[in-house]
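Student: Could you walk me through this structure? I would like to start with the overall layout and then look at some details.

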Amino acid sequence: MAVLRHMRRNSGEMSPETLHGLLAELRVMPPDLMELLPGVMMTILRRAAERGRGRHREGDPTDRGAAGDLQRHQVLVTGRLGSDDFLAEIVDEIFLPLVVTPFTR
């Protein structure tokens, strides 16, 4: 939630037009710039796995970018920032099922 709130705060400081313009430039941006958020998420996932609270698959970009991608999609499609309820839904309904180790009996 903290990472998504931080993204929301930063997104709120730019117009949807600015975000669209930045997306158009993604192909020419340095690759290491685009690894910042996934790198943060990989650290979070790695630490959760070390505590036995999730799974960590080195090199799998699917789970590490899903929450941020959904939030970005919300801003770009609707022009509105997601509420805390929206962010919680992303985390609870989509992100956690991707990364939490299922309970086994």
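Tutor: From the N terminus on, the elements of the chain follow the order α-α-α-α-α-α, and the model we are looking at is a predicted one. In total the chain has 6 helices and 0 strands.

Student: And how much of the chain is buried?

Tutor: Of the 105 residues in the chain, 26% are buried.

Student: Which residues make up the largest nonpolar core?

Tutor: That core has 10 residues in all, namely Leu4, Met7, Met41, Leu45, Ala67, Leu87, Ile90, Val91, Phe95 and Val99. The elements that contribute two or more residues to this core are α1 (2-12), α4 (36-50) and α6, and the largest share, 5 residues, comes from α6. As a general background, nonpolar side chains in soluble globular proteins tend to be buried together.

Student: OK, what about Leu96, where is that one?

Tutor: Leu96 is found in helix α6, and because its relative accessibility is 33%, Leu96 counts as partly exposed.

Student: Switching to charges, how many salt bridges does the structure hold?

Tutor: The structure holds 3 salt bridges. In one of them the side chains of Arg5 and Asp84 meet, at 3.2 Å from N to O; since Arg5 lies in helix α1 and Asp84 in helix α6, this pair ties together parts that are 79 residues apart in sequence.

Student: What else does Asp84 meet in a salt bridge?

Tutor: The side chain of Asp84 also meets that of Arg8, at 2.9 Å from N to O, and this pair again links distant parts of the chain, with Asp84 in helix α6 and Arg8 in helix α1, 76 residues apart. Arg5, Arg8 and Asp84 are therefore linked in a network of salt bridges.

Student: Is Arg8 buried or exposed?

Tutor: Arg8 counts as buried, because its relative accessibility is 18% and the cut-off for buried is under 20%. Arg5, by contrast, is partly exposed at 34%.

Student: And how far apart are Asp69 and Arg72 in helix α5?

Tutor: They are 3 residues apart in helix α5 (residues 61-78), so about one helical turn separates them, and their side chains meet in a salt bridge of 2.5 Å, N to O.

Student: Last one: which residues gather in the patch of negative charge?

Tutor: Asp85, Glu89, Asp92 and Glu93 gather in that patch on the surface. Glu89 lies in helix α6 (residues 84-99) and counts as partly exposed, with 49% relative accessibility.

Methods. Residues numbered from 1 in each chain as written. Predicted model: local features only at pLDDT ≥ 70, side-chain atom pairs only at ≥ 80, totals over all residues. Heavy atoms only, no water. Patch = residues over 30% accessible without salt bridge, like charges linked within 9 Å, V, L, I, M, F, W, Y side chains within 5 Å. Areas by Shrake-Rupley, 256 points an atom, 1.4 Å probe, with all protein chains shown as cover. Salt bridge = Lys/Arg side-chain N within 4 Å of Asp/Glu carboxyl O. Lys, Arg positive; Asp, Glu negative; His and termini not counted. Charge placed at Lys NZ, Arg CZ, Asp CG, Glu CD. Helix = DSSP H or I, 4+ residues; strand = E, 2+ residues; numbered from the N terminus. Buried < 20%, exposed > 50% of the residue type's maximum accessible area, 1.4 Å probe, protein only. Core = buried A, V, L, I, M, F, W, Y, C linked by side-chain atoms within 4.5 Å.
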